[in-house]
Amino acid sequence: MTTSTNNGNKGNKGTALITGASSGIGAVYADRLARRGYDLILVARDHRKLSAVAADLAAKTGRKIDIIAADLGVAADLKTVEQRLRGDAGISMLVNNAGLGATKTLIDSGVEELDALISINVQALTRLTHAAAPALVARGHGSIINIASMVALSPEILNGVYAASKSYVMVLTQSLHHELKDKGIQVQAVLPGAIGTPFWDRAGVPVSHLPESIVMTADDLVDAALAGFDQGELVTIPSLPDVAQWEKFNDARLAMGPNLSLTKPAARYGVKA
């Protein structure tokens, strides 16, 4: 772990730990949160890139920036980050941004690729959330931001395992809100569409192959997501022009609740006692 120079503590809001922070969405979150008064712990695999991001942000913002070079798909590295979340009393925010994508269909994908995706998108995110949440509750304040995806609502797009992993992230966040809303903890799921980052290259489809009309910049995405956070949104869909569409969708889901577990099958199935 390397710590940058601390050039001041003005407006300190605690420390935000951000995964996948060496580029793309994570690096923009690092910039924005540092400018908001957070110190940072930046997590990613590439020590060189992390060091460069940390040095640049420290020089620009005067915040204290630590880095943890860790591959969240490696058990020992993941445990290192978990221990930091449990043991560092200054941490007030967790941004679960690290993730893997996939564009090939399930049957055209290697099972090892899918295992790796689930390991990062589901297992690592769950373990880090489990490490952070009790510590935040004990302090009576804090926040967890989980980066999901619009495919959580549109599973027909891209790889089904990827979509399922992001649906998991959204549903976990909704459940966390129910669990933690009265304990001083704010949670948010962010559902980006296509974002112009290296994510697409790693997923197998360069962003240049996508229609320009559907690609948002990482800067705009994070600015919109933080605006949603400030407004107290549980689920933020930065591209959605009419929030009433989401509200109608969610209201319909909630309205089904009382009828999802009953003593008898629905009459349409024709099952007789």
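Okay, one term before we start: contact here means heavy atoms within 4.5 Å. Keep that one handy.

What we have is a predicted model, where local features need pLDDT of at least 70, side-chain atom pairs count only at pLDDT 80 or more, and totals for chains, interfaces and linings use all residues. Residues are numbered from 1 along each chain as its sequence is written, and side-chain values use heavy atoms, with hydrogens and water left out.

So, confidence. pLDDT is the predictor's confidence in each residue, on a scale from 0 to 100. The chain averages 91, with 90% of its residues at 70 or more. Residues 1-10 stay under 50, and the model gives that stretch 27 contacts beyond four places in sequence.

Let's go to Ser 109. Ser 109 sits in the loop between β5 (91-96) and α4 (111-139); those labels are DSSP runs numbered from the N terminus, helices being H or I with at least four residues and strands E with at least two. Is Ser 109 buried or exposed? Buried means under 20% relative accessible area, exposed over 50%, and partly exposed in between, using a 1.4 Å probe and protein chains only. Ser 109 has 15%, so Ser 109 is buried.

What does its side chain do? The side chain of Ser 109 gets to the backbone oxygen of Thr 105 at 2.6 Å, and makes a polar contact with the side chain of Asn 159 at 3.4 Å. By polar contact I mean a pair of N or O atoms within 3.5 Å; within protein, one must be able to donate a hydrogen and the other to accept it, and residues adjacent in sequence count only if both atoms are side-chain atoms. Setting aside neighbours within four places in sequence, Ser 109 is in contact with Lys 104, Leu 114 and Asn 159.

Now Leu 158. Most residues other than glycine have a negative phi. Leu 158 isn't a glycine, yet has a positive phi of about 65 degrees. You'll find Leu 158 in the loop between β6 (142-147) and α5, and it counts as partly exposed because its relative accessibility is 30%.

On to the helices. Axes are lines fitted to C-alpha atoms, for helices over the stretch in contact, and angles run from 0 to 180 degrees between N-to-C directions. Under 35 degrees counts as roughly parallel, over 145 as roughly antiparallel, 65 to 115 as roughly perpendicular, and the rest as oblique.

Take α4 and α5 (residues 160-180): their axes come within 10 Å and cross at roughly 10 degrees, so they are roughly parallel. Among the residues making that contact are Leu 114, Leu 117 and Ile 118 of α4, and Val 161, Tyr 162 and Ser 165 of α5.

Helix α3 (residues 75-87) also meets α4, with axes coming within 8 Å and crossing at roughly 20 degrees. That makes α3 roughly parallel to α4. Residues meeting there include Leu 78 and Leu 85 in α3, and Ala 124 and Leu 128 in α4.

And how do α1 (residues 24-35) and α7 (residues 218-230) cross? Their axes come within 9 Å, at roughly 55 degrees, so this pair is oblique.

Last stop, Gly 26, which is in helix α1. Gly 26 is buried, at 0% relative accessible area. Not counting residues up to four places away in sequence, Gly 26 touches Ile 18, Gly 20, Ala 21 and Asn 97.
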